[in-house]
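Here's a quick briefing to read alongside the sequence and the coordinates. Have both open and follow along.

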Amino acid sequence: MATTGTEKSSRGFSGLNTYTGQWTENEIIHLLKRTMFGAKKQDVDHFKTMTLSDTINELLNPVAALPAPPVKDYTLDATVQKPDSTIAIGDTWVNDVNSDGTVNYYRRVAFKKWWMGLMVNQDRSVREKMTLFLHNHFSTESNTVDNANYVYNHHALLRSSALGNFKTLTKNITLDPGMLVYLNGQVNTATAPDENYGRELQELFCCGKGTDSQYTESDVKMAAKVLTGWRNDSAKLSSYFTASRHDTTTKQFSAFYQNKTIVGRTGATAGDLEINDLMDMIFATNEVAKYVCRRIYRWFVYYEIDASIEANIITPLANIFRTNNYELKPVLSALLNSEHFFDPAIMGAQIKSPVDLVVGMCRELNVQFQPDSDYVSNYGLWNFLVNTVSNMQQNIGDPPDVSGWKSYYQSPQFYEIWINSDTYPKRVQFTDYLCVNGYTFNGKKILVDGIAFAETLSNPGDPNVLLNDVLKYLYRIDLSASSKAQIKKDILLAGQSTDGYWTDIWNLYVSQPTNTANTTLVRNRLRDLLKYCMDLSEFQLI
Amino acid sequence: MKRRDFLKNTLPVGIMLPSIVNGMSIKAFGSTSPLLASLLMPTTETDHVLVLVQLTGGNDGVNTVIPLEFYSNYVNARTNIAIEESKVLTLTGTQKVGLHPSMTGMQTMYNEGKLKLINSVGYPQPSFSHFRATDIWMTAADSNQQLDSGWTGRYLNYEYPNFPNGYPNSTMTDPLSIQIGSVTSLALQGPAVSMGMSITNPNSFYNLINGLQDPAPNTYAGKELTFLRSMSQQTQQYATVVKAAAANVTQQAPYPAKNNLADQLKIVARLIKGGLKTRIYMVSYGGFDTHFNQADTTDTSIGNHANLLKNVSEAIKAFQDDLKFLSIEDRVIGMTFSEFGRRVKSNASGGTDHGAAAPMFVFGKNILPGVLGDTPNIPAKVTDNDNVPFQYDFRSVYASILTHWLCVKEADLQQVLLKNFQLLPIVNSATCKVVNPNQSGSLLISNYPNPFTNSTTVQFTTAGGHTLVQIMDVLGRVIKVLVDIDYPAAGNYRVPFETANLVAGVYYARFQNLTVQQVHTMVKVN
């Protein structure tokens, strides 16, 4: 499995060169856990027949169409001022304008449920993980944006751009109605400039706070002036430019931007022209590509970026990013195909985010949801998962603030920030709950079915093979032979020492599945096995 | 590239010493090195508790403490959100400033001598970024300095070295600091690990399994695995004492309903009364980023900012009343802070943009009452960019509380704040008990030269009897026993130490004589 002492020292050098080493389940599972939510056996089997290069190509080129939008899964009582009555249950609301606060609240909740469903049912590509990456990067809070249409449209923009051009996306985000609300762009005018977006555009979205990111307080003010005049049309659900609100003076930037001046424009096209200048100016610095590549590295690889990683990974990745005019795919391709990405040194070193934990567990253990037609039940079940990750401090759609989740930027702990005395017990409580009780909504239950999972494995009747298979998919750090022997004996063999004990009850289950007493025995053994494996700290790592 | 050095992952992260040796900065692992734990001075004796109240988003200080002294300029600067003079809450003994009309609770506290107001707290070259400014307040860094540890984390590391190894123990049975909520603040981050425990409900903890534990591999994965296991063990151990403390308290004074800050402070009071020895508690309350519509357009004394201040004021007042009810009022002080204040001039959207200095409140029975500092001067003609300049460095407030309330010796302050800061009259320093005289007070071991290259001379003062001098590396390995002798009499001795074969870095000379132990840090350079 992933990281043992001997493997660690077997490879002394790793950089962006294409990885040419062994391509086994170990490498595939590592790749899938990092680029998708969990490594599902079916996906591992699928890629086993392909080369690394073809695998990465498939992951970076999703064939699935963009998903249908969220629907109305709720009913509202008559106290709502503008009830959502024009939208039938099961129809989407995303193009329907409604200013009522209660309606928008229910729509935003429905949006989050829908998003969770997309992650649970993700296609075999990096799109879902990149969408979440972009949400963390261009962080907005749906509670602040308030208008559910804006929330959805903002999200749809991230999703459709997940493997597209980062510079284009940055411009589109700048004019996105949701972002214009979130960072006050819509109230940024020549007479009352608001620096909020102009600051975050540089500090959080493009240049970062590294030592070489030398934009100034004056640059913040100048960028704010460039961005004056944009506002939202809530009837059309789009942003538009008002020339009379625009600052037409010349904007002078600092030496970090080569003392660039952006000429003040007038008229209807002024806003667009000046934003293009602003984007060209910001993306002409070396720092944007470096900053974004560091963010990508911390998302897919590990948080520690020392001088060696900076020189041998970040700098060349940033060169690729610039050379390809800020297309995301070439960067991801270079990173995911690299020796460094498959270096055992970085395998298993990520602490799962709450979404990795919750969605990954549902996918890896084939937790069954309802058919698409029963969206009411599914939305309710997905809602449980939304609340679960939120309690573990990853509220999708509502990160803590505009800088996103701390685990991806706060030194020195980074991923470790996910884990504290409040959140860690909640993780264990959740995996236990889905193994033992299960969660029920609308009479439909989600529960880990250990027998069904075991049946997908190579030789579930042999307790040694069974345990090895389970650990292969759930862990990145292999257990010692003595620990495996202990788990096998204590759980699968119920304290006895002959493997035949388990083989016998498994075989009896296969030949007589209706033998309730025996099937219960098998089911409980597998439940306890999976529960225990997910209780150990190793399960928190990918 | 060359494989990264895994050795460093087995070591705690070092604290950067302020001193620069031969132009290179040295990382010292002294405070986190396991062997040093037993050798450091005894933990300061105090039963004092500090409660940090974080107001996130950047509270508008100018509308919190209204500068009555410059009232007409204030109105001029804030035409759309200025508070009517007649509605400003007056403070006994001063006409220079008053409180926002919604802060009646804190007005009462002030007039009863339980609230200290410090004007214009900030720092040079203020950051207007929420994130950077928050980091600065949490870490006590300079504006242009990045620190990875929090100021209270460093304080706790000073008092309880080597945490979490060897904890809980007989000296400290309880969590070092507690944050109410599910996230743990950077302020509680120690040099290597977080010193904070996060709690949302002190009555309920889910059991964690500390089952089979194979040795962690020597990789980044192993590093994170070790962290997870340690967090699991700590949580289990501390959950028991926290639950027990909570169960000890069955009655508290009333708190306002639907007030998230009050809910948090109620838990804090309960745990203090319940018997935890925890010294630092942190609570936080958000929503202060009032870029627009911060006040009602027809009545500026109500609205968004007023509601925020009302909740803060009512929560703190209820907490203070509860401390009295629980008879622990003598032991607790609290402090409010926010990452920055806001601009002097309000903006056209009826709000205020990111600014600089702002007032701080320190509350409790043992604070020195009154207003500290001059009223911030509001110019007659304000521009969009005018800020309240800082009068007091926020680290002076920290230094004063550390010294006068948590009883840190002035000589040791620099270990926590990394620089010297002026002490201010904020807390009654008489409440610090006399610290145990410490045997390590006089210097018993030293070396010269230090730093050294090929050799150095170790000098020590023995009282006679068995005397041991060991040299250790940062991993705690004894690499040399310099002295292991029974001296017939007291005296000063010098022993040469050849160091040509040592790699550059930090070493410790550990001195042991009868019951006295001392450790001295030495630095080898090339």
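Among contacts in chain B between residues at least 6 apart in sequence, what percentage join residues at least 24 apart? The figure is 72%. Keep in mind that this is a predicted model.

**Chain B overall**
- Chain B has 10 helices and 21 strands.
- Of its 526 residues, 48% are buried.

**Where the chains touch**
- On the chain A side, 62 residues are in contact with 49 residues of chain B.
- Elements giving two or more residues to that side of chain A include helix H1 (5-10), helix H11 (196-206) and helix H24 (516-535).
- H19(A) provides the largest share, with six residues.
- By class, this side of chain A splits into 21 nonpolar, 26 polar and 15 charged residues.

**Helix H8 of chain A**
- H8(A) runs over residues 148-160, and its 13 residues span 18 Å from first C-alpha to last, close to the 18 Å expected at 1.5 Å a residue.
- Its buried residues include A:Tyr150, A:Tyr152, A:His154, A:His155 and A:Arg159.
- Among the elements covering those buried residues are helix H5 (101-120), helix H6 (127-137) and helix H10 (177-182) of chain A.

**H9 against H13 in chain A**
- The axes of helix H9 (residues 166-174) and helix H13 (residues 270-283) of chain A come within 11 Å and cross at roughly 135°.
- That angle lies between 115 and 145 degrees, so H9(A) and H13(A) count as oblique to each other.
- The crossing of H9(A) and H13(A) is right-handed.
- From H9(A), A:Lys167, A:Thr170, A:Lys171 and A:Thr174 meet A:Ile275, A:Met279 and A:Phe283 of H13(A).
- That makes three nonpolar, two polar and two charged residues in the contact.

**Cis peptide bonds**
- A:Ser411 and A:Pro412 are joined by a cis peptide bond, with omega about 0°; A:Pro412 sits in the loop between helix H18 (375-391) and H19 of chain A.
- In chain B, the bond from B:Tyr448 to B:Pro449 is cis, with omega near -5°, and B:Pro449 is in the loop between strand E15 (445-448) and strand E16 (455-462).

**Positive phi without glycine**
- A:Tyr326 isn't a glycine, yet its phi is positive at about 65°. It lies in the loop between H15 and helix H16 (328-336) of chain A.
- With 21 other C-beta atoms within 10 Å, A:Tyr326 is buried.
- B:Asn293 has a positive phi near 50° and is in the loop between strand E10 (280-285) and helix H8 (304-325) of chain B.
- B:Asn293 counts as partly exposed, with 16 C-beta neighbours inside 10 Å.

Conventions
Residues are numbered from 1 along each chain as its sequence is written. Chains are lettered from A and ligands numbered from 1 in the order in which they are written. This is a predicted model: local features need pLDDT of at least 70, side-chain atom pairs count only at pLDDT 80 or more; totals for chains, interfaces and linings use all residues. Helices (H or I, at least four residues) and strands (E, at least two) are DSSP runs, numbered from the N terminus. The expected span of a helix is 1.5 Å times one less than its number of residues. A residue is buried if 20 or more other C-beta atoms lie within 10 Å of its own, exposed if 12 or fewer, and partly exposed in between; C-beta atoms are placed from the backbone. Two residues are in contact if their C-beta atoms, placed from the backbone, lie within 7 Å. Ala, Val, Leu, Ile, Met, Phe, Trp, Tyr, Cys and Pro count as nonpolar, Asp, Glu, Lys and Arg as charged, and the others, Gly among them, as polar. Axes are lines fitted to C-alpha atoms, for helices over the stretch in contact, and angles run from 0 to 180 degrees between N-to-C directions. Angles under 35 degrees count as roughly parallel, over 145 as roughly antiparallel, 65 to 115 as roughly perpendicular and the rest as oblique. A crossing is left-handed if the near helix is turned anticlockwise from the far one by less than a right angle, and right-handed if clockwise.
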